[in-house]
Amino acid sequence: MARPRGFDEDTAVRRATEVFWRKGYHATSTRDLGEELELNPSSLYRTFGDKHRLFLRALDHYRATESTDGCQRFRDAAPTLAALVETVTAVALGGDDRAAEPVGCFVVNTAAELGATDPEVSRRAEGSFELTRTGLADILTRMRDSGELPAGTDPAALTDLLFTLILGWRLRSRAGHSTEDIRTSVENAISLLGQR
């Protein structure tokens, strides 16, 4: 199949992101991408170079959309424990409405699959992770400043703790743990912050 008329490269990157997100890098074949994007192999290579370059574009797309949206959720949330529970739960479960099977977080899935073996992938994953940490630091600082958390609270330390927990909840989501179980775990973890 040739490149279709009216082909939109941004739409193609979004659709490729969905494929990589569901299947992972190694399990996604050029044929899978060609079928999803309705491109023959020569058009795929001519447009994107190769699978690896398209994967990097997919990671950039994810950072610009999902990761940026997650950061903004924290910035928009009220500085309360209840709002923190809602926002962390939403971020931890983000993406699971995209497919019948749990998909978890694209960047967490990528980090688990590829680790630090690819510097370009690692740099992009860290960029997405940094957005999550930035959003967390914002809400936790506002919670401390408003008195929702004790005055001596260290937002940087809590950011690191909650970021690590969010990664775990995202993996649990990918593993098919129920929304209710993950939400209960988030509530239990955040309730400990109020007891500090």
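I took contact to mean heavy atoms within 4.5 Å. The model is predicted, so I kept to its limits: local features need pLDDT of at least 70, side-chain atom pairs count only at pLDDT 80 or more, and totals for chains, interfaces and linings use all residues. Residues are numbered from 1 along each chain as its sequence is written, and side-chain values use heavy atoms, with hydrogens and water left out.

Entry on Leu 54. I looked up what Leu 54 touches, leaving aside residues up to four places away in sequence, and found Val 13, Ala 16, Phe 20, Leu 33, Leu 37, Leu 44 and Phe 48.

Entry on rings. I paired rings of Phe, Tyr and Trp (its six-membered ring) with centres within 6.5 Å; planes under 30 degrees apart are stacked, over 60 edge-to-face, the rest tilted. This rule gives eight aromatic pairs. Phe 20 and Phe 55 have ring centres 4.9 Å apart and planes at 75°, so I noted the pair as edge-to-face. Phe 20 sits in helix H1 (residues 9-23) and Phe 55 in helix H4 (residues 51-76), 35 residues apart. Helices are DSSP runs of H or I, at least four residues, numbered from the N terminus. Both Phe 20 and Phe 55 are buried, meaning under 20% relative accessible area with a 1.4 Å probe, protein chains only; exposed means over 50%, and partly exposed lies in between.

Entry on H9. I listed the buried residues of H9 as Ile 182, Val 186, Ala 189, Ile 190 and Leu 193. They pack against helix H5 (81-93) and helix H8 (155-174). On the other side of H9, Glu 180 and Leu 192 are exposed.

Conventions
Helices (H or I, at least four residues) and strands (E, at least two) are DSSP runs, numbered from the N terminus.
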